[in-house]
Amino acid sequence: MINIAERLQGVGEYYFSKKLREIEELNKQGRNVINLGVGSPDQAPHPDVIRTLQEESAKPNVHAYQSYKGSPILRDAFARWYQQWYGVQLDAASEILPLIGSKEGIMHICMTYFEKGTAVLVPNPGYPTYASAVKLSGATPLYYDLKEENKYQPDFNQLENLIREASKFPQGIKGLFVNYPHMPTGQRGSKETFWQLIAFARNHDILICHDNPYSFILNDEPLSLLSVEGAKDVVLELNSLSKSHNMAGWRVGVLCGAKERIDEVLRFKSNMDSGMFLPVQLAAAKALSLDKSWYEKVNDVYRRRREKAYELLDVLECDSSRDQSGMFLWAKVPARFKDAYELSDEVLYNKNVFITPGGIFGSAGEKYVRVSLCATEERIVEAILRVRN
């Protein structure tokens, strides 16, 4: 008998991988489901970015394997981008590692630093991949709660309690995942929270992984955790062009941090892939050079969609904060529903509209739903009409 590896115990197929197949089957039946679940940008990248890919791909000398550390052109572009928008100075040669999408960076970090006997602090609610990657590394996720009444900021008293209670792990707590602007709740981080995170990590010798792909979406003040003094000692930050530049399918991300950390992660990553297609890297560098007008144009679209999405949530009688960033809206379901899964199933099977049940992000999300803004205004308006009827 062939058995799966022990590392897969407790790790299921990603929720959206299964759900999108179900929606595909419903559409084959003629249901025409409006998908407001997945955060996959439906707008195109800037025309200059596409043109760069086209022109560079036509050249005969760009099709070979690439450097494991990425093109110097792309690393330089990321360094300038971080300096311009976050006020963070990075050494392009040693403190930046391009990734084939930032999601792979989560796994690289876990496989580089965590193992059996190690615990890692993971937000609840939070991106499910954090916990899955921790489990795949052999380590154990310990969940810390993010609560609405605390604006989904960490409760440092709870974090300290988790540190004290982690004696059963021989190697203790070695990592902490954070994500601001936060997905799924849309709440922004603050300088105060970031200072507290750095102090906590330094005090307990913990590596922070800050996942930062949403800082340009409906957010006037992009922040990097690396902007805090001393952050490089304890922080690795992930970023991505998927959301900010409408390049999700291009798979371009980046890992930023101290040279020692980048070199350590590269030991794992260089055994997993052979670099990114050079024309994609050059097109990504072009994207990173775009000025403020690009972000304003993207956000104008999301801002109009957000107003319609709030209207949809009002029709569903869901309570939501008007102070959210990112490409989703997070809202509490009415008390008449047992949980968000019940509401999600009702609108999917009876109204042909899919919204994400918050329970997939952890137990703290069971009474909430998440609505994606990655659909046209017309589709969101159609969803409103369907739900009303």
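Guide: Buried means under 20% relative accessible area, exposed means over 50%, and partly exposed lies in between (1.4 Å probe, protein chains only). This is a predicted model, in which local features need pLDDT of at least 70, side-chain atom pairs count only at pLDDT 80 or more, and totals for chains, interfaces and linings use all residues. Residues are numbered from 1 along each chain as its sequence is written, and side-chain values use heavy atoms, with hydrogens and water left out.

Visitor: Why does lysine 151 count as exposed?

Guide: Its relative accessibility is 59%, and the cut-off for exposed is over 50%, so lysine 151 counts as exposed. Lysine 151 sits in the loop between strand 4 (140-145) and helix 6 (156-164); helices (H or I, at least four residues) and strands (E, at least two) are DSSP runs, numbered from the N terminus.

Visitor: Why is asparagine 212 called buried?

Guide: Asparagine 212 has 0% relative accessibility, and buried means under 20%, so the word applies. Among the residues in contact with asparagine 212, leaving aside neighbours within four places in sequence, are Tyr86, Tyr180 and Pro181; contact means heavy atoms within 4.5 Å.

Visitor: What is the peptide bond between tyrosine 180 and proline 181?

Guide: That bond is cis, with omega about -5°. Most peptide bonds are trans.
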